[in-house]
Structure formats: structure tokens, C-alpha cells
Amino acid sequence: MSEPLVVMKDVNKHYGDLHVLKDINLEIGKGEVVILIGPSGSGKSTLCRTINRLETFEAGSITIDGKELPQEGKALADLRADVGMVFQSFNLFAHKTILENVTLGPIKVRKTPKAQAEKRAMELLERVGVAHQAAKYPAQLSGGQQQRVAIARSLAMDPKVMLFDEPTSALDPEMINEVLDVMVTLAKEGMTMVVVTHEMGFARKAAQRVVFLADGQIVEQATPEEFFTNPKSDRAKDFLGKILTH
Amino acid sequence: MGELLKNYDVWGAIWTTIQLAVLSAIGATVIGTIVAIMRVSPVAVLRGLGTSYVNIFRNTPLTVLLVMSVLGLAFILGLSFSDDFARNAYWWAVAMLSLYHAAFICEALRSGINTVPAGQAEAARSIGLTFSQSLSQVLLPQAFRGAVAPLVSTYIALIKNTTVAAVIGVTDIAGLLQEITENEGAQLGIFFMVAMVFVVLTLPLGVFGTSLSRRLAVKR
Ligand SMILES: Nc1ncnc2c1ncn2[C@@H]1O[C@H](COP(=O)(O)OP(=O)(O)OP(=O)(O)O)[C@@H](O)[C@H]1O
Ligand SMILES: [Mg+2]
């Protein structure tokens, strides 16, 4: 096993009385692709979002590449630049063109010269197949195209790890694959990824590990093959029974 | 009518009204933007201060603020802008009009910021933009679009509210109207003229606002 890039130690979080994350211990190696799966409300999004501190947590620690997550301010912003995040609802900047969406981070955060940032952005847009849309605004693109732009926007920062929170659940069925294909390629190229998804095909093709979460706890971890064909815990069996009947 | 124009400094009064409006609009915009930033900042203490500011100034009548400034702050505490009575009243009027309307500017901007989906702010933070970069690059440019209509309403209200300055002896148009009415008796013509001055000052603002929000809307 490669040395861990993300290490979560005894992470606990509450929303008021609700204990959403219970003693989460999770290590993610360099180049590893980990799927987070579990029932609705089990805390998948929350776990994902604590990794770049979009959510705070009360106890425990999270380190990325050996560095503890800073509390706030410039240090936190710097660390977030190294952690890409792709959201269910794309969240492209509506007032900026596709190209500007991708160059904003490199120019403002990495201080890359504009021409160089644009050249790189065009390469990335090419790679995710939306280069010909570079001058348009997000609202003019389909959901699948917007999500691929969002991936390019993250990649432009050269992140050490990328978080995906249900990247395909807001998409029409015919657009899901165009996004998953991009993600499979990324995985093959060695990107470290944490992916919240119920797409089993993707999990089997791209992931090394499935982490099953229920009620804020990690209940079971296994390879995709093993988890989907031979789950150990009753919670996982029950859950898989429900999603497989659809 | 012509007689009045000769005996009273009508143009001077109009000019004073315009000065009050422009200076207070600038002051209110600067203070209002700062308070709005405080209200959306990640620091709880700043948010609290911003909220208190809005609650205090938005809920106190402007007349009370003005009278309190000249009588309370200037006479009792000795906080004067100038030894000249008229100058002092003028600057206190600008200060209080600014502080009062800043609360409304703040809320207009904040309602604009709230029209920007929260996900975009999270996306901005997750690519490593700092709070001020997220604000200037992502939130404010879009907030402005949603804020145009309430901002225009606030500026129009501000222009009309400059008339309250007459209460503390500023010789703007309202002050002049008072003076003429006292000396010459009520005259329809002069009321009409004062009303026209305000229509001329506020109407273009409304037209400008409408065309601006239309222009900003197409860009999406
Ligand atoms: N901001 C919040 N305030 C209060 N409770 C919250 C908040 N966000 C999430 N929760 C609660 O925390 C729990 C975990 O939420 P989370 O979004 O992490 O679940 P999830 O596993 O991602 O679910 P889903 O599959 O529906 O996206 C849920 O019970 C949810 O209602
Ligand atoms: Mg979720």
C-alpha cells in the first residue's frame, strides 16, 4: 500500500443533537480511488465535505499529504487549492464563460500568467470534450457538459486529491456515461479520488475500495467486487438489496 | 414666480439638495458595502456588529437621527464639523443621511448576494479562493445584478429624504420652501416647482436602473 495521502483520525461531527460522523477512521493512499456508499442521510456528503473543511468537525484530525487541515484564513484556502471538489449541482460560476471558469483559480490562486492559464485550460477542456464551448456561459451547456467543465475547473488546480459528491445524480441518464468516462480516465491516470456514488459499474471499473457508511459510521470496507457480490454486514446486504431491485 | 427667483437663492437651494444627495449617496454606498461584507463574513463578531448596525439605523426615524446629531452630538458633546452653524448642520446632514441609508444599501446588497446560489460560493472556496477573492470574483458581480432594483429604490428614497435636512436648518430646497411659505404665504407654483425638481432628479435614476438590470440579465 502506498503512503496515505488523506488520513482521517477519530473524526466526529454533530449537527445539533444529530451525531452525523461517528469516529471516522479512514486512510486514502496516493492514486487510490475510494467509493463512499450508503443510505441517504448516512453522512456521505458530510464526510466528503469535511476533507476540505467545507464542513467543520468537532473532534479528531484530518491530514492531507501530512499536513493538518488549518482552521481558516489563507492557510485553509491554500490547502483547499490542493483538494479538488466536484458537486452534484456543478456549481459553475454563472457570470463567467467556460474558459474563465477554468482559469479563475490558476490566475487568482496560483498566480499563473493569463496566457499560460488559458492555454492549459483549453487543453483540459479538450480532454473533457468541451473545448468548442469555451466562449459560452454555463447556462448554455447541457448538464453533462457543465459537469465535465467542473471537472476541468478542478483539474486546472493540479489537485493532489479530488472529491466527487454524487457527480452524476443530477444528470439525465444519457449524460451519465460521458461524465463517468472522464472519471474513469482520471482514475486510470493515477488521480487520487474519493467518490460518493451509487454507480456500481464505475466502482467496479475504477475503484480499489468501497467504504460503506450507515448512520455516520463506517460499517464495512472491501474491494468493489467483494462488496457488491458478497457483503458482510446486514446493513450492507439490506442496502444493496434495495438499490439492486431498481 | 419671477419675483421669487430674484429674491431667493433658488438655484443655490437646488444645488445644496444635489450636493446632499450625491455626497450622502457616496457615503451610504461606502458604509453600506462595508456593513454588507461584515454581515456575510465568516467572522461571527463582525456579522453581529453588522446586524446591530442595520437594526439600529434602519429602525430609527431619520428626523430623530438628524435632530439628535445637531442637538445631542454637536451641542451637548461638542462634536462639530464647523463653527459656522449652517456648515455644521450641512455636514451633520450628510453624515446622518449616509449612516441611515447605509443600512438600506447593505440590505439591498445582501439580498443580491442571497440570489447567488450557495453552491457557487462553495465552489469558489474549494478552488482555493480566499473570502475576499470569492466576494470580489464570484459573489459581488452576481449580487449586483440582483441588487440593482432595491439599490435604485434606496437611492431614490435618499434623494427625497434629503428634504428632512431642512429640519436642522439646512437651506436645501425644502428649507427654501419653508422660508418662502413663511414669508410670502403658501403658493401652488412653488410647491409644483419643488416637486418637479425631485422628479427631474429621481426619474432618470429609475430609467437607468431598469435598463441596467435588463442589460445585466441578458449576459446569462
Ligand atoms: N446543514 C445541516 N444542518 C443540519 N443537519 C444536516 C445538515 N446537513 C446535513 N444534515 C443531516 O446530516 C445527515 C447526513 O447528511 P449527508 O448530507 O451527509 O447525508 P448523505 O449520506 O450525503 O445523504 P444523501 O445520499 O441523501 O446525499 C442527514 O441526516 C442530514 O439530514
Ligand atoms: Mg449527499
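Patches here are built from residues with over 30% relative accessible area and no salt bridge, with like charges joined within 9 Å and nonpolar side chains (Val, Leu, Ile, Met, Phe, Trp, Tyr) within 5 Å. The areas themselves come from the Shrake-Rupley method with a 1.4 Å probe, and for residues only the protein chains shown count as cover. A salt bridge, for its part, is a side-chain nitrogen of Lys or Arg within 4 Å of a carboxyl oxygen of Asp or Glu. With that in hand, look at chain B: F192(B), M196(B), V199(B), V200(B), L203(B) and V207(B) make up a nonpolar surface patch with about 580 Å² of accessible area together.

Before going on, some ground rules. This is a predicted model, where local features need pLDDT of at least 70 and side-chain atom pairs count only at pLDDT 80 or more, while totals for chains, interfaces and linings use all residues. Residues are numbered from 1 along each chain as its sequence is written, chains are lettered from A and ligands numbered from 1 in the order in which they are written, and side-chain values use heavy atoms, leaving out hydrogens and water. For the complex, the predictor gives an ipTM of 0.90 and a pTM of 0.83.

Back to chain B. Helices (H or I, at least four residues) and strands (E, at least two) are DSSP runs numbered from the N terminus, and by that count chain B has nine helices and zero strands. Its C-alpha trace spans about 70 × 45 × 25 Å along the principal axes. Of the 220 residues in chain B, 46% are buried, where buried means under 20% relative accessible area, exposed over 50%, and partly exposed in between (1.4 Å probe, protein chains only).

Within chain B, confidence is lowest in helix α1 (residues 2-7), at a mean of 75, and highest in helix α3 (residues 44-59), at 95.

Now over to chain A. UniProt, in an unreviewed entry, places the feature "domain: ABC transporter" at residues 6-240 of chain A; such positions are given in the numbering used here, feature names are shortened, and annotations may be inferred rather than shown by experiment. That span of chain A is 38% helix and 26% strand, and its end C-alpha atoms lie 27 Å apart.

Next, the aromatics. Rings of Phe, Tyr and Trp (its six-membered ring) pair if their centres lie within 6.5 Å; planes under 30 degrees apart count as stacked, over 60 as edge-to-face and the rest as tilted. Six such pairs turn up over all chains. In one of them, the rings of F212(A) and F227(A) have centres 5.7 Å apart and planes at 35°, so the pair is tilted. Since F212(A) lies in strand β9 (residues 209-214) and F227(A) in helix α8 (residues 224-229) of chain A, the pair ties together parts that are 15 residues apart in sequence. F212(A) and F227(A) are both buried. F212(A) also pairs with F239(A), again tilted, at 5.5 Å centre to centre and 45° between the planes. F239(A) is in helix α9 (residues 234-244) of chain A, so this contact with strand β9 bridges 27 residues of sequence. At 0% relative accessibility F212(A) is buried, and F239(A) is buried at 8%. Together with F228(A), the residues F212(A), F227(A) and F239(A) form one aromatic cluster.

What about charges? The whole structure holds 21 salt bridges over all chains. K13(A) and E55(A) form one, at 3.9 Å from N to O. K13(A) belongs to strand β1 of chain A and E55(A) to the loop between α1 (44-50) and β4 (59-64), so the bridge ties together parts 42 residues apart in sequence. Both K13(A) and E55(A) are buried. Another bridge joins E189(A) and R127(A) at 2.6 Å, N to O.

Finally, a backbone detail. D10(A), in strand β1 (residues 4-15) of chain A, has a phi near 45°, a positive value in a residue other than glycine.

Note on methods: pLDDT is the predictor's confidence in each residue, from 0 to 100.
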